[in-house]
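These are my notebook entries on a structure that I looked up. I set down the contacts of one residue first and then turn to the chains.

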Amino acid sequence: MSTFTRSSTSTSTGSTSDGKNGTMNATTTPADRRPRLSGMTWLVWRQHRAAFWTILAATVLSVAWIVYQRGQLVDFLDGYGYPGKSLDEAGGKFQQYNDAFSFVSTGLQVIPILLGVFLGAPLIAGDLENGTAKLVAAQSMSRTRWLATKLALAVLVIVVSTGVLSAVFGWWWNPVKSEATVMDWTSGAAFNTTGPVPVALTLFSVFGGVAIGVVLRRTLTAMVVTFGFTVVLQLVWGYFLLSLGNVVTVTTNKGVTGENASPSLPQGAYQIDQSYVTGSGDLVGWGICSESQTDAARQVCLDKADVVGWSVKYLPMSQMNAMQWFGASILFALTAGVVAFLFFWGRKRLV
Amino acid sequence: MSEGMYAEEPAIEAYGLGMRYRRGWALRDCSFRLPAGRICGLVGPNGAGKTTLLSIAAHVLQPTHGSISLFGGAPGSVESGRRTAFLAQEKPLFRRFTVAETLRLGRELNPGWDQRAAEGIIRAGNVPFDAKIGTLSGGQRTRVAIALAFGKRPDLLMLDEPMSDLDPVVRHEIMGTLLAEAAERGTTVLMSTHVLAELENVCDYLVVVSGGGVRLAGDVDELMSVHTLVTGAKEGDGMPPALGCHTLVESRTSGRQFTALIRPEGPVTGPWDTNAPNMEELLLAYLRSPDAPPLITPTAQVHGQGFGTGAVAA
């Protein structure tokens, strides 16, 4: 689609054209030597260049900031002696690095909403509202090509910017990945900002916005509705996030009160639920004997209930990558469905 | 126009074309043929379906009934997309593009683009090439839109109310350019308007739509020659019975005079003045009397007229 030509067609004002040649192709200025966009790609890039350049520039600035922050973090960790020394003892000294993470991850998490509202919703709704869809349809190229070029360039910009941000943010987080105090890996702050998830969430938000715009045909209405759609998407995604993994259950049989009674979970594991397990394998709530006044009374209570150990459900951190790809592939499939809808709709009512 | 060369190939053929919305018909049972190489005026009152007809031909709307073919192909086919240009009524342009960028749009998206013709139209209006479209006046914007349509070098140029926001001088000048270019290349032009004065000396073909259907279609000279304007003294109520044997299009009385536009079925005899109508009189008569019997001359008729039988190869 993105064809580059060395076409020397000048777009300068009429004063430089020569009437004989007619098409103003005669002169080649040095500025024309670099590859240029042509055809539909040129049109779509020209129309949305402000949005595209803003996204790319913001990406570059964010990447620079993250690279700088990572340098600061690594310097601190080296000076501090991590991982030999636990960060729990660092106290306030680590706070500024912690804050940097939460600041940037918050920013990354609103990208799907921002791009959905400001890139997706107006992408085609603007043309339908202003009539420029008719203008493009009146040219020699098919409107399917126009739609495909618009979507392809949007995908390109989104994948490049969110992909790079996700990779760089993951790289920054990597040295302290197992520290739940920095970011809990099941929280949106980490899960939605690394790996394929930012790309998938943004693509689905933006294409959802495009579809909303195509149906409503009004830019402002589409932006408002898209805002609602993207917020709901975030809520639904957050609600189902933990369901993406396979819950691991670990049980013990050394009682529940002893020194080493609780099961040891792998580092960074996210504990979902814990309860007592009885000799017959039934689960009972761990609050069952909390009303007992003394340890002896409690032990009697536990023995009476036949509690033999703990049962803990958790998600190990090793599942994070698989969960991210599983969730992202669901979002990619939904996005593909939206694209199919757009092309189906575009054949009928794209003017 | 060069009739012998183009009369055979139809630029447009519409068969029982209809467009029905929930609130009613926008265009109904519209059948006509437009031979290539003609400058055709599409005339009708507001809401008659002119824009609907042009939009269907330009593949902006899908008709609910019937079909239309452009040079034998369906609207939206690659061939007809390349050979036709359409200028919508609201003349949409990208407001943030400069004039030069707007012409580049035409160049990038059309294989047969004629930069010289497009630039000529822009330069004739002294529109600066580096001005943003959003800063131009309505007339200048129309000029850019017309240049964009012209630069495509279409075989069929469809214009929806093209001159509505131009002053008379510019209107005259643009119309002159349009006619010269069309004559030079044998371009077929279908132009909707309700400014009847715009059509005199411009069109050699007419299609009148009113009440959702075609009232009048055909070669201007032929249409003029089959109508007669009769003026005489009024005798009692209504029309003189002696005129009853002719097809009456419209009659009006003012004081003791009556004026009638008729299609004579034989010699018109009686104590009346008979004149050939001018185009405005002819069109006004048809527009004022939607119940007048329609007239579609043989060159404007399609085979199997009135039945949507699909596209017929040219």
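Entry 1. I looked up Leu206(B) and found that, leaving aside residues up to four places away in sequence, Leu206(B) touches Cys40(B), Gly41(B), Val43(B), Leu216(B), Ala217(B), Gly218(B), Val220(B) and Leu223(B). I count two residues as in contact if their C-beta atoms, placed from the backbone, lie within 7 Å.

Entry 2. I noted that the model is predicted: local features need pLDDT of at least 70, side-chain atom pairs count only at pLDDT 80 or more, and totals for chains, interfaces and linings use all residues. Residues are numbered from 1 along each chain as its sequence is written, while chains are lettered from A and ligands numbered from 1 in the order in which they are written.

Entry 3. I then asked how many residues of each chain meet at the contact between chain A and chain B. I found 27 residues of chain A in contact with 28 residues of chain B. On the side of chain A that touches chain B, α1 (39–47) and α5 (132–137) each supply at least two residues; α1(A) gives the most, with six residues. Helices here are DSSP runs (H or I, at least four residues), and strands are E runs of at least two, numbered from the N terminus.

Entry 4. For chain A as a whole, I recorded eleven helices and six strands. Among its contacts with a separation of 6 or more, 81% join residues 24 or more positions apart.

Entry 5. In chain B, the domain assignment, which is automatic or from a database, gives domain 1 (3–219 + 294–300) and domain 2 (228–275). I noted that their C-alpha centres lie 37 Å apart.
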